[in-house]
Amino acid sequence: MNMKKVGVLVLIFALCLSLAACAGSPTTGSTAGSSTAAGTSGTAGTTAAAATNGTITAEPLTLQFLCYNWGDIAYSNDMPVFQELEKRTNIHLEWQLLPAEDNLTKLNLIMSTSDKLPDLISYSGFGDEKKNFDRFASQGLLTPLDDLIEQNAPNIKNFLTNPPYEIPNLKAELTSSDGKLYSLPNVTQVNTGEIFAIRQDWLDKLNLKAPETTDDLYTVLKAFKDQNADGSGDTIPFVPDSGLKDLTILMNAFGSHEDLYVDAKDGTIKYGPLEAAYKEGLAYCNKLYAEGLIDKDYVNANNSEAFRAKIAKNQAGLIYAWPMSGLGYGNTTVANLNPSYKYVSMLPVKGPNGDRYKERPQAMVAPRTVISSTNEHKVETIKYLDYLFSEEGSILMNYGVEDKDYTLDSSGKPQFTDYVLKNSDGKDPATVRGEEGMQIGLPFVATLACESQAATDAAIKNAWTTYVESGVLYPAFPNVPLDEAVLSDISGIITDIQTYVQEQSNDFIMGDRSLDEFDAFVTAVKGMGIDNVLEAYNTAYAKYKAYNN
């Protein structure tokens, strides 16, 4: 399986824009005035007059857009990509942003109390999007897209039947428990997710090699601290980007899993924190924390500004973060302090039993965008989204605005400009692309060719390659279809268990609770109903696998 992935990477790397397979333009003309969609409460909504100039509507149309926001950049129509998208479609977005923290609470409030829902909704829940979309669909709050796509969205239809590169289980990842499709995805071919990166200059300074095992990692982190690697006495050997989950990733070396996972040995879904390997991982992290080798404020590490500040102060030795916005940002930042300072990617370390893998690779398919059931312009909305899957729309979402963010080479393929790659304000490409509005909010399909162009730092490309070729990426957890009845039974259980496990795991790591009490912890989790959750997920997983047939 690993060689297959490598083969795909090698093939796609030679392509400059694989999205030609999805080429086309949004359907316009009389279709917009005549199509209706079955399964949308008997109507496709009010249909605006079709345009004859290539836009979707003759008169400007406004859609209310509820969108996630990751906190670093304020998403808005001021972004050049969205300004250009409005010019091309004649559709204006009226933005409402979900908070960066606890966005599901706000989303649930809107969905449960609003008579008129936002027309378009994009939600990022770090893996729980499909589960919540299934719940909203079961409540009649979302529009099924199957017939709308069939009648009005040739580019989306082509993508679903003929994706530009191999996307495992594409149909199953998007299909809900009732067999219908409600969401459109963000898709990426670069799916390593977050990676480990370490200061190579610190290793060289202390005559050390990048750690290969958990024992090596302890030795290196201790040397960073004890030998004052940063030269200022405030070294933080390991700085996580996202709190506890970055430490549970470290625990993979002991064969542990941080949450629900599919056991590769028997193909069933299990819960990692119940297992002895989880206890071993906690003990290791407790040792690192007790000796000051992990950022003492790791619990609050979900603040990207604070994480970046520690890099900028030359404090962080080992980081766990995204290749572009973590490793790329890190190298851009520390090079401004001293050109010899540099982070390099590092594979997860091997544990005492030979385990070496990383959970949570970025899902290739992330269900992200839905149309609400109260949307009065469903046909125009699906055409708007369909444009993003056309060649022109895809270039806009991935490369930005022509002549500013990219130009076309002699063969007509987009190439990023120096504004993106060598920004005069010293911004790394990931920051520039975000500020321009690329890959923000709305669906997109990103290729390795596109992302490789933006990765000017060779260390980023090396991270992508080595993480895939090494086979360390544990398969992403599947988007299993859970219906409303099942969700109503287990949602509260899941929330309570996750909260309890997170709190107790932090207590174990910080030494506030003895690991002698781990068996009591397991008993408590079982008493909260984890067996019911596992039964529901395994039943849904059987349906998921059937969707692929």
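**Strand pairing and salt bridges in the predicted model**

Leu-63 stands opposite Leu-93 in strand S2. The model is predicted, so that local features need pLDDT of at least 70 and side-chain atom pairs count only at pLDDT 80 or more, while totals for chains, interfaces and linings use all residues. Residues are numbered from 1 along each chain as its sequence is written, and side-chain values use heavy atoms, with hydrogens and water left out.

Strand S1 (residues 61-67) and S2 run parallel and are joined by seven bridges. Helices (H or I, at least four residues) and strands (E, at least two) are DSSP runs numbered from the N terminus, and two strands are paired if DSSP finds at least two bridges between them. Strands of a sheet pair through backbone hydrogen bonds, either parallel or antiparallel. S1 and S2 belong to an open sheet of six strands with mixed pairing, in the order S2-S1-S3-S11-S4-S14. The edges are formed by S2 (91-97) and S14 (444-446); each has a single partner strand, so one side of each lacks a neighbour in the sheet. From one strand to the next, the twist averages 25 degrees.

Helix H15 (residues 378-388) lies across S1, S2, S3 (120-122), S4 (183-188) and S11 (365-371), and runs at about 150 degrees to S11. Contact here means heavy atoms within 4.5 Å. Axes are lines fitted to C-alpha atoms, for helices over the stretch in contact, and angles run from 0 to 180 degrees between N-to-C directions.

In the whole structure, 18 salt bridges were found, a salt bridge being a side-chain nitrogen of Lys or Arg within 4 Å of a carboxyl oxygen of Asp or Glu. One of them joins Asp-201 to Arg-199, with 2.8 Å between the closest N and O atoms. Both Asp-201 and Arg-199 are buried (buried: under 20% relative accessible area; exposed: over 50%; partly exposed: in between; 1.4 Å probe, protein chains only).

Asp-263 and Lys-270 also form a salt bridge, at 2.7 Å from N to O. Asp-263 is buried because its relative accessibility is 9%, whereas Lys-270, at 26%, is partly exposed.

In a further salt bridge, the closest N and O atoms of Glu-436 and Lys-404 are 3.1 Å apart. This pair links distant parts of the chain, 32 residues apart: Glu-436 lies in helix H18 (residues 429-436), and Lys-404 in the loop between helix H16 (391-399) and strand S12 (406-408). Glu-436 is buried, with a relative accessible area of 3%, while Lys-404 is partly exposed at 34%. Finally, a network of salt bridges links Glu-194, Glu-258 and Arg-360.
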